[in-house]
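Student: Let's go through this model together. I want to know what lies behind each label.

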Amino acid sequence: ASIRRHTFVVREASYTRLCSTKDILTVNGQFPGPTIYAMKGETIIVDVYNRGKENVTIHWHGVNMPRYPWTDGPEYITQCPIQPGSKFSQKIILSSEEGTIWWHAHSDWTRATVHGAIIVYPKNGTKYPFHKPNTEFLIILGQWWKIDVNAVRDEGLATGADPNASDALLINGQPGDLYPCSKSSTFKLTVDHGKTYLLRIINAALQEALFFSIAKHKMTVVGTDGSYTKPLTRDYITIFPGQTYDVLLEANQRPDHYYMAAITYSVAPKYQNFYDNTTTTAIVQYRGYYTPSSPPSLPYLPAYNDTNASVQVMADLRSLANPEHPCNVPLSTSTNLIYTVSVNSYPCINDSCAGANGTRFSSSINNISFDTPTVDILQAYYYNISGVYGDKFPSVPPLVFDFTADYLPLVYELPSSATEVRMLEYNSTVEIVLQGTTVVSGTHHPIHLHGHSFYLVGWGFGNFDENKDPLRYNLVDPPLQNTISVPSEGWVAIRFEASNPGVWFMHCHVERHLTWGMETAFIVKNGKHPEAQMLPPPSDMPPC
Ligand code: C2O
Ligand code: CU
């Protein structure tokens, strides 16, 4: 197999958006960052040089990294950060992924600008499970703040408030026509009438779930999270932070120019109203001679708080489940977990607290807010360093209550804090029910698992019912994903086989929820055979 090598120099560069200029952290001066092209099954080496002012790590989102968590990237989970002036050579080991995945910084909030695509093509001799598109376009959705993103984080953390909503949503790094000083740089996608295009869409936004649509055109979803799906045709899609969609676009309308647009999906919290309510646009421009309508028409998008609209793709998405792309969902499971995911709030005594009613926000899984260690968990596990983490998550039995009730007693709002992980036997079959709660606010949570893709076997609104709900699981053609959004005031059930020894992070991909503690990790133990065991670390692991 060929090994491709890339150089990522993490450094600041100055960018102008919304009429003002600031320095942002980039890879190779590019924003969005460089695209990595690969073929299924390849191994890629990226030499990451930190030439910035702060610590950084890089994560390959959606790459399962078989037996090799060492270069997966989450700070203090699988490595200590790459310090300014240092270098780390990271392997990206592609195995089963095919389609669109991505990479991003996994330290502080630097991933706002440090991110890019990984495009994985079919192996030689195999092809797409759909008609080969004429060409493809990358659509990276993001967010822009006029001030430094780490300052936004610090402000939110210091006061315990929801941090500022962003100043713009972005398509390929550009806000689009509806923002000041932005029109001349709006992203344009040029098409020929009669052709079909593959759009590789990534939600790289730090906080926002997005509704995305193209005026007068339908989109056919054919893949998500680096895995193909049965075609699903829609007027709009909802894409949560961390998710990717591969979508076919047929240029079959009257030659003209059309807007594509994205807005935030947000359940306005009970006490606050935090979301970016602006609209980002780009242009689909037909080639040829015609008088374009002025202005281009905007697409239909659901109301910003339409939760039913937010589940429309999730509800109908199915994997191919055919001989070329089989479905390997575990039909029964040996480890069954119920994890509640909540936003919490602490009462404040001596702090200045700007959260709801003089409180400080926090987030938790099973009412435990994750305490990030100062030595990475992988190293602590591998070298038997004690005192870094506990291996009994959840250490106290999860509180059982009416998770999605309208009003909850204040006692549910007080999480404890700990660094607890869950041990999994090699090849155990795992089911996790992720249950949303209405503690503080019943919002959605896009939960991402490292090291394994999982099958979405069921979901619903309200409380999970362990007697009834499993009877209607989809064990035939559930979609294979790496990031699934627990719907607002609802639950999802996912299944996977713990076949990848290592330490694997699981967390909410809404950055402020991650900062507040909505995360945990799994340690998948080695199997008996040498091929079922973790590989040794590289010699250049960044020191702690
Ligand atoms: Cu996309 Cu743990 O991250
Ligand atoms: Cu969340």
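Student: What are the domains of the protein chain, and where do they run?

Tutor: Domain 1 covers 1–125, domain 2 covers 128–317 and domain 3 covers 335–532. The bounds come from an automatic or database domain assignment. This is a predicted model, in which local features need pLDDT of at least 70, side-chain atom pairs count only at pLDDT 80 or more, and totals for chains, interfaces and linings use all residues. Residues are numbered from 1 along each chain as its sequence is written, while chains are lettered from A and ligands numbered from 1 in the order in which they are written.

Student: What is the mean pLDDT of the protein chain?

Tutor: The mean is 94, and 97% of the residues reach 70 or more. pLDDT is the predictor's confidence in each residue, from 0 to 100. Where it is low, the predicted coordinates should not be read in detail. For the complex, the predictor gives an ipTM of 0.99 and a pTM of 0.97.

Student: Which residues carry the "Plastocyanin-like" annotation?

Tutor: The unreviewed UniProt entry places that domain at residues 10–124, 136–288 and 416–527. Positions follow the numbering used here, feature names are shortened, and annotations may be inferred rather than shown by experiment. Residues 10–124 are 0% helix and 46% strand. Residues 416–527 are 5% helix and 49% strand. Helices (H or I, at least four residues) and strands (E, at least two) are DSSP runs, numbered from the N terminus.

Student: Why do β1 and β2 count as paired?

Tutor: Two strands pair if DSSP finds at least two bridges between them. Eight bridges join β1 (residues 3–17) to β2, so the pair qualifies. The two run antiparallel. Arginine 11 stands opposite threonine 26 in β2, and tyrosine 15 faces lysine 22 in β2.

Student: What makes the sheet mixed?

Tutor: The order is β2-β1-β4-β6, an open sheet of four strands with mixed pairing. β2 (20–27) and β6 (87–93) are the edge strands, since each pairs on one side only. β1 is antiparallel to β2, but β1 and β4 (residues 43–50) pair in the parallel sense over eight bridges. Valine 9 stands opposite tyrosine 49 in β4.

Student: How many residues of domain 1 are in contact with domain 3?

Tutor: 14 residues of domain 1 are in contact with 19 residues of domain 3. Contact means that the C-beta atoms, placed from the backbone, lie within 7 Å. The C-alpha centres of these two domains lie 25 Å apart.

Technical notes: Contact = placed C-beta atoms within 7 Å.
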